[in-house]
Amino acid sequence: MNNIKHRVWNGSINVRIVRDGAEYLLLVHRNSYFPLYFPVIARFFTTILGKDIRKIWLQYQDVPLKWNLPVGVLYDLLFLPTHSASENWTLELQYETRDVAFPKDDIIPFQANGSTIDYEKLLNELFINHLKQSCYVMTGNSRAVMNLSENDTKSLWTAMVNHDYGVFTSIMKKVLLKTLLRVPIKLYLAGSSTLIQAPVFPAKDLEKQTTLRDVLAQWLPEIVVYVLSS
């Protein structure tokens, strides 16, 4: 089980970011978020293109990427259905100008503090809010997250940014209780805007555990029927 956890944690994607003939290559962890890389991306293209690049976003085949979703989720939804995992994922850099507006109808806009944007602070707030919501689903309240010390809360996010598995798991053990009332699940359907979000009971009864097939049969029965008939 530990080997599986490490492989999931260390999963990564080769990303190629292009703009006006220039390119920037990244090895991005699947459980990371693109805005963590925005400052270095902006500095690189500002130097190469000789332009003042600030409020940026990435897009794939004219689709702006939702920065609040983990990189791996975006990759699986938009790229893998029609490409091989051995290929680089090529994304286009976009940035706000007088003629090009930020696509606020498609992705959450960033709040600037003067001329700068603290991407990491915004992601930190988003991450903690998601953790509180998940904790509430699992236990019926968010006390486990709320009761974390200030140092633990900061260390948890720092471990996420630095990809430190040891520190991250040691703090998460204080949040994840051994007995869960429900499991929080989000199910995205590739090639569509479908998002199914609902708590799942880990067991149907005392003798039968809930499986992923059970969940899919309840939420997307047509897919289960298609897979079984193929």
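Me: How many residues of domain 1 are in contact with domain 3?
Reply: Contact here means heavy atoms within 4.5 Å, and the domain bounds come from an automatic or database domain assignment. That assignment gives domain 1 (1–109), domain 2 (121–175) and domain 3 (183–228). On the domain 3 side there are four residues in contact, and on the domain 1 side the number is five.

Me: Before we go on, what kind of model is this?
Reply: Residues are numbered from 1 along each chain as its sequence is written, and side-chain values use heavy atoms, with hydrogens and water left out. Local features need pLDDT of at least 70, side-chain atom pairs count only at pLDDT 80 or more, and totals for chains, interfaces and linings use all residues, since the model is predicted.

Me: Which residues of domain 1 lose the most area to domain 3?
Reply: Buried area is the accessible area (1.4 Å probe) that two parts lose on being put together, summed over both. Domain 1 and domain 3 bury about 290 Å² between them, with 80% of it on carbon and sulfur atoms. On the domain 1 side, 88% of what is buried comes from three residues together: Leu69, Val73 and Leu77.

Me: How many salt bridges are there between domain 1 and domain 3?
Reply: A salt bridge needs a side-chain nitrogen of Lys or Arg within 4 Å of a carboxyl oxygen of Asp or Glu. The structure holds six of them. Between domain 1 and domain 3, though, the count is zero.

Me: Why are Glu150 and Lys154 separated by about one helical turn?
Reply: Helices (H or I, at least four residues) and strands (E, at least two) are DSSP runs, numbered from the N terminus. The side chains of Glu150 and Lys154 meet in a salt bridge at 3.2 Å, N to O. Both sit in helix H6 (residues 150–162), and they are about one turn apart because their spacing is four residues.

Me: Is Asp152 buried or exposed?
Reply: Buried means under 20% relative accessible area, exposed over 50%, and partly exposed in between (1.4 Å probe, protein chains only). Asp152 meets Lys174 in a salt bridge at 2.7 Å, N to O. Asp152 is in helix H6, while Lys174 is 22 residues away in the loop between helix H7 (165–172) and strand E6 (183–188). Lys174 is partly exposed at 47%, but Asp152, at 14%, counts as buried.

Me: Why does the pair of Phe38 and Tyr119 get the name it has?
Reply: Rings of Phe, Tyr and Trp (its six-membered ring) pair if their centres lie within 6.5 Å; planes under 30 degrees apart count as stacked, over 60 as edge-to-face and the rest as tilted. By this rule there are 17 aromatic pairs. Phe38 and Tyr119 have ring centres 5.2 Å apart and planes at 90°, so their pair is edge-to-face.

Me: Which residues form one aromatic cluster?
Reply: Phe38 and Tyr119 both belong to it.
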